Amino acid sequence: MDRTQLLLVGLPLFLFISDLFQLFTPPPQKPSSSDHHHQPPPVIQKQPLEFPTTTTTQKTGGIGAVGLGNTVSIDFCSSCSYRGTAVTMKNMLDSQFLGVHVSLANYPPPLPKRLLGKVVPVFQFGIIGLVMAGEQIFPRLGFAVPPPWFYQLRANRFGTMATTWLLGNFFQSMLQSSGAFEVYVNGELVFSKLKENRFPGEIELKDLVGRRIANSRVVDGLGASSLL
């Protein structure tokens with residue numbers, strides 16, 4: 001017999017002998033319940049992670065408590081389109097000095113400019129009224145015949161009214177602008193665009209405000225110790 005025939009005869013014979021051996025082998029004994037007690041797996045309790053909050057930082061006297069009790073006022077020229085810069089500085093101070101109160105307000109121009117700014121609209125409507133109804137207005141003012149310049153304005157009435165309106169708005173905007181960007185900390189001026197002729201940088205303003213807040217805290221501490 002060759003190897004192929006031995007393999008074909010020996011493999012079924014080996015499987016038959018292994019089945020007989022498993023048939024007469026006794027099964028393994030099961031462990032009794034009295035010997036082994038079933039213990040449930042341990043329960044792992046998950047505890048939530050705690051992260052430091054702003055309140056915790058303020059209680060520990062960290063940077064969150066630096067701005068408490070301090071007020072920063074930014075007075076700017078609203079007609080000069082400085083509001084965007086003021087809002088940017090306000091957001092920067094709010095993030096750097098937690099607890100500080102930052103207020104924004106319009107810085108009014110000087111009194112003469114404000115008075116002239118109220119005259120400009122009267123001049124505008126006066127010129128437009130003369131152009132539209134000058135022939136009825138001048139006789140009531142005591143002029144039998146309107147002056148020559150009235151006819152020159154009347155010759156191009158729409159151009160005259162448009163020019164008067166645009167020029168009036170331009171002068172009124174100039175009179176209302178103060179060009180100011182003044183920063184106060186607790187009522188004390190720390191930066192003035194009217195004096196410096198420039199805007200403050202964010203780092204510069206942060207240093208100025210931080211130095212003023214630190215000085216006020218030192219003064220308050222000395223005052224409290226003197227009372228004791």
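View 1. Valine 102 is buried, at a relative accessible area of 7%. Buried means under 20% relative accessible area, exposed means over 50%, and partly exposed lies in between (1.4 Å probe, protein chains only). This is a predicted model: local features need pLDDT of at least 70, side-chain atom pairs count only at pLDDT 80 or more, and totals for chains, interfaces and linings use all residues. Residues are numbered from 1 along each chain as its sequence is written, and side-chain values use heavy atoms, with hydrogens and water left out. Valine 102 sits in strand β2, residues 101-106. Strands (E, at least two residues) and helices (H or I, at least four) are DSSP runs, numbered from the N terminus. Setting aside residues up to four places away in sequence, valine 102 touches Val72, Ile74, Lys90, Leu93 and Asp94. Contact means heavy atoms within 4.5 Å. The C-alpha atoms of valine 102 and serine 73 are 5.8 Å apart, although 29 residues separate the two along the chain.

**View 2. The largest nonpolar core.** This core has 20 residues, of which Val72, Ile74, Leu93, Phe181, Val183, Leu205 and Val209 touch the most other members. A nonpolar core is a set of buried Ala, Val, Leu, Ile, Met, Phe, Trp, Tyr and Cys residues joined through side-chain atoms within 4.5 Å. At least two residues each come from β1 (71-76), α3 (83-96), β3 (181-185), β4 (188-192) and α8 (202-227). α3 gives the largest share, 4 residues. Leaving out neighbours within four places in sequence, leucine 205 is in contact with Met89, Met92, Leu93, Val183 and Pro200.

**View 3. Helix α4 against helix α6.** Helix α4 and helix α6 (residues 157-176) pack at about 175°, with their axes 9 Å apart. α4 is therefore roughly antiparallel to α6; the term applies to angles over 145 degrees, with under 35 roughly parallel, 65 to 115 roughly perpendicular and the rest oblique. Axes are lines fitted to C-alpha atoms, for helices over the stretch in contact, and angles run from 0 to 180 degrees between N-to-C directions. On the α4 side, the contact includes Leu116, Val120, Phe125 and Ile128. On the α6 side, Met161, Trp165 and Leu175 are among them. The contact residues divide into 12 nonpolar, 7 polar and 2 charged. Ala, Val, Leu, Ile, Met, Phe, Trp, Tyr, Cys and Pro count as nonpolar, Asp, Glu, Lys and Arg as charged, and the others, Gly among them, as polar.

**View 4. Helix α4 against helix α5.** Helix α4 (residues 111-140) and helix α5 (residues 148-155) pack at about 145°, with their axes 10 Å apart. In α4, Leu130, Val131, Met132, Gly134, Glu135 and Phe138 make the contact; in α5, Trp149, Phe150, Leu153 and Arg154 meet them. These residues divide into 7 nonpolar, 1 polar and 2 charged.

**View 5. Two loop residues with positive phi.** Most residues other than glycine have a negative phi. Serine 81 is not a glycine, yet has a positive phi of about 60°. The residue lies in the loop between β1 and α3. Serine 81 counts as exposed, at 65% relative accessibility. Asparagine 186, also not a glycine, has a positive phi of about 55°. Its place is the loop between β3 and β4. Asparagine 186 counts as partly exposed, at 33% relative accessibility.
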